[in-house]
Amino acid sequence: DAQVKQVLPGIWQWSWFSEEKQIDFNGLFLNVGEHRVLIDPPLLTAEASTLIRRQGGVDYIIVTNRDHLREAATYQAEFRCQVQVPEADLAQMDIKPSKTFKDGELLPGGIWVVQLKDQKSPGESALFIQQGKGVLIVGDALIGKPPGALSLLPSEKYKDPQAAKEGLRRLLKYNFDSILVGDGASIIFGAKQAVEQVLQG
């Protein structure tokens, strides 16, 4: 299903199916106030590209971790926009960002950076938006699999899987009802319960 769909007011998602990982890689397009933002963009479908141009292009690309650069460099050139990446992951990224960000920063569009400890990469950052009942955007912190539920990455991806799980508890301090995932199926309602479930035990 390659179409671009509006998942929340001002937020669209499109997907690219990875044969290798057997999961959807999702990109997000946000039109927040006067800011137009792409997050972790995989290859744009024709439909997604048309929608984005109709909305006036892209001002910023935000990348949540070193492994989610995806097509950021391509679209940085195409849309002549800024790219912002986690400072802690920059050394392992093959891109020249316009800016790096750290925990607690407020990015354009009212997007708060929540850097998570002990994840797959040191810069792994969730993004929090106070919109509606709250929206959380994650890169590799949580995977939307099986649909309607969340899971952690395979334990071999972490130095210490238990510490990684502990590092995610911080997400529960935020009020959110939607979680938009970089990989798998996003959860639009009841997402906080899904995060609580995966962190139990």
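Visitor: What volume does the largest pocket have?
Guide: This is a predicted model, with local features needing pLDDT of at least 70 and side-chain atom pairs pLDDT 80 or more, while totals for chains, interfaces and linings use all residues. Residues are numbered from 1 along each chain as its sequence is written, and side-chain values use heavy atoms, without hydrogens or water. A pocket is an open set of points on a 1 Å grid, for a 1.4 Å probe, with protein on both sides within 12 Å along at least five of seven lines. The largest pocket holds about 360 Å³.

Visitor: Which residues lie nearest the centre of the largest pocket?
Guide: Its lining (residues with an atom within 4 Å of a point) has 16 residues. Six are nonpolar, two polar and eight charged. Nearest the centre are Lys 21, Asp 140, Ile 143, Leu 153 and Asp 183.

Visitor: How many charged residues line the second largest pocket?
Guide: The second largest pocket has about 160 Å³. Its lining includes Asp 118, Lys 120 and Tyr 158. Two lining residues are nonpolar and two polar; the charged ones number five.

Visitor: Is Thr 45 buried or exposed?
Guide: Thr 45 sits in the loop between strand S4 (35–39) and helix H1 (46–54). Its relative accessible area is 16%. Buried means under 20%, so Thr 45 is buried.

Visitor: Where on H2 do its buried residues lie?
Guide: In helix H2 (residues 72–79), Ala 72, Tyr 75, Gln 76 and Phe 79 are buried. They cover an arc of only 110 degrees around the axis, so they lie on the same side of H2.

Visitor: Which residue takes a positive phi just after H2?
Guide: The phi there is about 50 degrees. The residue is Arg 80.

Definitions and conventions. Helices (H or I, at least four residues) and strands (E, at least two) are DSSP runs, numbered from the N terminus. Buried means under 20% relative accessible area, exposed over 50%, partly exposed in between (1.4 Å probe, protein chains only). Grid points are joined across faces, edges and corners, and a volume is the space filled by probe spheres set on the points. Ala, Val, Leu, Ile, Met, Phe, Trp, Tyr, Cys and Pro count as nonpolar, Asp, Glu, Lys and Arg as charged, and the others, Gly among them, as polar. The arc is that of the directions from the helix axis to the C-beta atoms.
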